[in-house]
Structure formats: structure tokens, C-alpha cells
Amino acid sequence: MTFLNELTKGFIKENPIFVIVLGMCPTLAVSTSVNNAIGMGFAATFVLICSNIIISMIKDITPDKIRIPIYIVVIAAFVSIVDMVMAAYTPALHKSLGIFIPLIVVNCIILGRAEAFANRNTVLSSLADGIGMGLGFTFSLIIVATIREILGSGTWLGFKVMPVTYDPMLVAILAPGAFITLGFLMGMMQMMKNKRSR
Amino acid sequence: MGYLGKLFFMAMTAVFINNYVLSRFLGLCPYLGVSKKLDSAFGMGMAVIFVMTMASAFTYLINTYLLVAYNLQYLQTIAFILTIAALVQFVEMVIQKNAPSLYKALGVYLPLITTNCAVLGVAILNTKATWNDGTAYTFIDAVLNGFLSGIGFTLVLLLMAGIRERLEYADLPVNMKGMPIGLILAGVMALAFYGFMGFKI
């Protein structure tokens with residue numbers, strides 16, 4: 001039961017982007033197309049799962065004072081692995097995500113979960129937390145990217161979905177569109193939350 | 001174009017055209033988190049300028065004389081983040097000992113900077129950036145780029161904080177209060193900054 005709880009809370013109740021508001025930089029930067037969003041989401045999920053497992057394994061031998069540098073080294077090691085694997089097997093995706101792959105190291109979600117969850121829970125529940133949070137992150141990225149890609153280039157995952165006469169709203173895939181889309185999505189989340197609590 | 005002209009070009013790019021926050025999406029967490037009050041935004045901005053300049057210098061040296069020299073580029077991410085974390089810790093200790101008043105002003109923000117992706121972003125981009133003629137950045141260029149990027153970050157942080165302080169008194173729909181309106185504001189600001197892209201230097 002608890003395992004399932006940890007697994008599902010990342011989607012709605014503790015969604016890392018819309019509710020906890022962590023990891024904004026990659027969310028806004030790579031959500032120009034659904035393809036990028038999926039790539040980024042899975043890269044971050046992999047790092048999150050692995051670092052959560054390792055950090056909860058070593059939580060008893062980690063000195064409290066230097067725990068943050070230790071977490072960062074663990075995370076950076078996995079990020080380097082992802083970086084090299086992606087460069088080797090998916091060079092096009094690696095190129096379009098660019099600097100945001102090494103920047104997964106400073107993605108607040110990963111360090112945040114290490115600090116808030118993995119260093120005081122068992123390996124198994126940290127694994128569930130990593131999977132749940134990672135998929136929640138991917139899921140939210142895909143939502144933002146879907147809106148931006150359909151409005152901005154009239155396609156979804158590369159397929160044409162808008163009629164031929166549709167004139168793409170270029171601003172949606174540029175920087176301002178990212179901020180405004182996420183702003184409205186968060187407003188909607190808040191509206192849903194307020195309705196439920198009333 | 002002389003060296004001064006190049007520097008002007010770099011300054012315009014870092015502060016306006018390719019602003020780290022609004023067009024490269026780096027450093028958004030502090031941008032959205034610490035922009036509620038003007039004085040805390042100022043403190044954060046100063047701390048970021050300082051750390052970015054120092055981090056650019058150190059990571060440039062480490063990259064050139066350690067990583068590239070011994071063919072260890074694949075360790076770049078780990079080496080840079082460790083350098084930045086150690087640097088922030090060191091700066092914090094030095095300021096605490098020698099300038100208590102400065103420490104009081106910046107203290108809270110310093111640890112946060114380790115996970116500010118703009119700092120790591122500048123360090124990584126400095127190793128990849130080139131001038132128009134294809135030459136790589138020298139040590140001085142890298143340090144200046146770090147400094148100017150910090151200025152660009154501080155500029156938009158202060159602008160944002162100024163607007164958000166006034167927004168406190170605005171009559172907003174309940175659901176849009178806080179983060180949503182902050183993001184939409186950032187979007188409008190980014191739109192305004194797009195106007196600078198037309199500049200040809």
C-alpha cells in the first residue's frame with residue numbers, strides 16, 4: 001500500500017512542477033516539443049531513481065555536515081553517465097537538449113528528493129519515490145510541451161495535427177510562450193485545488 | 001572590430017540579447033523564488049554576480065590546465081559542480097570572518113547559489129563559447145562573461161522584484177495570485193527583451 005502511495009503521489013498530489021514548483025529551468029527550456037520533453041523526462045527520471053537508491057543506501061554512513069556535496073557527487077556521476085549514453089545512442093536528441101543535460105545536476109527536484117526523502121527512508125520506498133517523482137516530472141513536461149508544440153508549430157510529436165491553413169503561433173515555442181503557458185497551467189492547478197478545498 | 005568593440009558586443013549579448021534568465025532559461029528558481037522583495041533581490045543579485053565571476057575564473061583554469069591538458073573532458077560536469085560547491089562554501093567562510101556586515105546581507109543566499117543553474121551554465125558555456133571569428137574565449141573573456149552575465153541576471157531580478165512589490169496591492173483573481181501571475185509577468189518581460197534581438201552590433 002505505502003509503496004503504491006509513494007509511486008502515485010508524484011502525479012497530482014505532490015507533482016514536482018505544478019505543486020512543489022521545483023526544476024523550472026529544464027521545464028521551460030526543453031518543452032518546445034514533445035520529443036524533447038520525453039527525452040528530458042526520462043533522463044531526469046533515470047538520474048532521480050539511481051541517486052535516490054544510492055543515497056538511501058549510504059544514508060547511515062553519510063556525515064551530516066557534508067551531506068550536500070556527497071549528494072551532488074552521486075548525482076553528477078549519474079548525470080555524466082546519461083550524458084555519455086545519450087551522446088552515443090541518440091545524438092540528435094543530445095544536441096537539441098544541449099546544455100540542459102549536464103544541468104540535470106543542479107535540477108532542484110533531484111537534490112530536493114535526496115534531501116527531503118531518500119536520506120530518511122528505506123531503499124525500497126526511495127526507489128518508489130524516484131519512479132513516481134520522475135514520471136510525474138515527465139508527465140508535466142509532456143503537458144506543457146503538448147500545448148506549446150501544437151500552438152507553436154501545429155504538430156504533436158512531429159505529426160501534423162492542425163489543419164493546413166493554421167498559421168503557427170511562433171511565440172509559443174519562444175521563451176515568452178513558455179512562461180505564459182506555465183503561468184496559466186499553474187493558475188488552473190490552483191483553481192482546481194481551491195475548488196476541492198471549498 | 002577592436003577588443004573594446006568585442007567587449008561591448010559581449011556586454012550587450014550577456015545583459016540584453018541572450019539574457020540568462022529570459023532567453024536561456026537559466027537560474028529560474030531564484031528568479032521566481034527571491035523576487036518578492038526588492039532588498040532581498042538585490043542581495044541575491046550581488047551574491048550571484050560575485051560567485052559567477054569567481055566560478056568563471058576557477059572553472060576556466062581547471063578546464064584548461066587540468067581537464068583538457070590530461071584529456072579528461074568527460075569529467076567536466078563533476079569537476080565543475082564540485083568546484084562551484086567548494087567555492088561557494090569557501091566564499092561563505094571568508095565573508096563570514098572578514099566582512100560580517102556583508103555576510104549578514106548575503107549570508108542566506110550563498111548556499112542557495114550552489115544549485116543555481118545559471119552559475120554552472122556560465123561555466124559550461126564559457127568552455128564552448130567562441131567569438132564571431134571562431135576563436136575560443138581567453139581567461140579574461142571568460143571572467144568578464146561571468147561578470148556580465150551576473151549583471152544581466154541581477155537586472156531582470158530587480159525589475160521583476162520591483163513589479164512584484166507593486167503587484168501586492170493589485171486586485172488579482174484569487175487563482176492567479178503568487179506563482180502563476182509571476183510566470184505570466186516573466187513571459188511579458190521576455191517578450192519585451194525579444195525587442196533587443198533586432199539590434200545589429
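Helix α9 of chain B runs over residues 179–194. In this predicted model, its end C-alpha atoms are 22 Å apart. That agrees with the 22 Å that its 16 residues should span at 1.5 Å a residue. The buried residues of α9(B) include P180(B), I181(B), G182(B), L183(B), I184(B), L185(B), A186(B) and G187(B). M189(B), A190(B) and F193(B) are buried as well. What covers them? Among the elements over the buried residues of α9(B) are α2 (24–30) and α8 (175–197) of chain A. Chain B contributes to the cover with α1 (3–17), α2 and α8 (139–167).

Helix α7 of chain B covers residues 117–128. It has 12 residues and reaches 16 Å from its first C-alpha to its last, close to the 16 Å expected. α7(B) is mostly covered, with 9 of its 12 residues buried. The buried residues of α7(B) are C117(B), A118(B), V119(B), L120(B), G121(B), V122(B), A123(B), I124(B) and N126(B). The cover over these residues includes α2 of chain A. It also includes α3 (38–68), α4, α6 and α8 of chain B.

**Empty space**

Rolling a probe the size of a water molecule over the atoms shows where empty space is left. How many cavities of 30 Å³ or more does a search of the whole structure find? The search finds 3. The largest cavity holds about 110 Å³ of space. Its lining has 19 residues, and the closest to its centre are C25(A), P26(A), V106(A), N107(A) and C117(B). Two elements give two or more residues to this lining: α2 of chain A and α2 of chain B. C117(B) is also one of the buried residues of α7(B). The lining of the largest cavity divides into 14 nonpolar and 5 polar residues, with no charged ones.

The second largest cavity has about 40 Å³ of space. F16(B), I17(B), N19(B), L22(B), S23(B), A190(B), F193(B) and Y194(B) line it. α1 and α9 of chain B each give two or more residues to that lining. α9(B) gives the most, with 3 residues. Two of the lining residues, A190(B) and F193(B), are also among the buried residues of α9(B). By type, the lining of the second largest cavity has 6 nonpolar, 2 polar and no charged residues.

The largest pocket has a volume of about 740 Å³. It is lined by 33 residues. Nearest its centre lie L111(A), P111(B), L112(B), T114(B) and T115(B). α4 and α6 of chain A each supply at least two lining residues, as do α2 (28–33), α4 (76–98) and α6 (109–113) of chain B. Which element gives the most to the lining of the largest pocket? It is α4(B), with 6 residues. The pocket lining divides into 22 nonpolar, 6 polar and 5 charged residues.

**Salt bridges**

Side chains of opposite charge can pair when their charged atoms come close. The count comes to 3 salt bridges over all chains.

| Salt bridge | N to O distance |
|---|---|
| D64(A) and R67(A) | 3.5 Å |
| R67(A) and E115(A) | 2.7 Å |
| R113(A) and D129(A) | 3.0 Å |

D64(A) is exposed, at 56% relative accessible area. R67(A) is partly exposed at 21%. E115(A) is partly exposed too, at 25%. R67(A) lies in helix α4 of chain A and E115(A) in helix α6 of chain A, so their bridge ties together parts that are 48 residues apart in sequence.

In the bridge of R113(A) and D129(A), R113(A) is buried at 9% and D129(A) is buried at 0%. R113(A) belongs to helix α6 of chain A and D129(A) to helix α7 of chain A, so the pair links parts 16 residues apart in sequence. Shared partners join D64(A), R67(A) and E115(A) into one network.

**V123(A)**

Helix α7 of chain A also holds V123(A). V123(A) is partly exposed, at 34% relative accessible area. Which residues does V123(A) contact, leaving aside its neighbours within four places in sequence? They are I53(A), S56(A) and M57(A). V123(A) and S56(A) are 67 residues apart in sequence, yet 5.4 Å apart in space, C-alpha to C-alpha.

Key. Residues are numbered from 1 along each chain as its sequence is written. Chains are lettered from A and ligands numbered from 1 in the order in which they are written. This is a predicted model: local features need pLDDT of at least 70, side-chain atom pairs count only at pLDDT 80 or more; totals for chains, interfaces and linings use all residues. Side-chain values use heavy atoms; hydrogens and water are left out. A salt bridge is a side-chain nitrogen of Lys or Arg within 4 Å of a carboxyl oxygen of Asp or Glu. Buried means under 20% relative accessible area, exposed over 50%, partly exposed in between (1.4 Å probe, protein chains only). Helices (H or I, at least four residues) and strands (E, at least two) are DSSP runs, numbered from the N terminus. On a 1 Å grid over the protein atoms alone, a cavity is a set of points where a 1.4 Å probe fits but cannot get out, and a pocket is an open set with protein on both sides within 12 Å along at least five of seven lines; lining residues have an atom within 4 Å of a point. Grid points are joined across faces, edges and corners, and a volume is the space filled by probe spheres set on the points. Ala, Val, Leu, Ile, Met, Phe, Trp, Tyr, Cys and Pro count as nonpolar, Asp, Glu, Lys and Arg as charged, and the others, Gly among them, as polar. The expected span of a helix is 1.5 Å times one less than its number of residues. Contact means heavy atoms within 4.5 Å.
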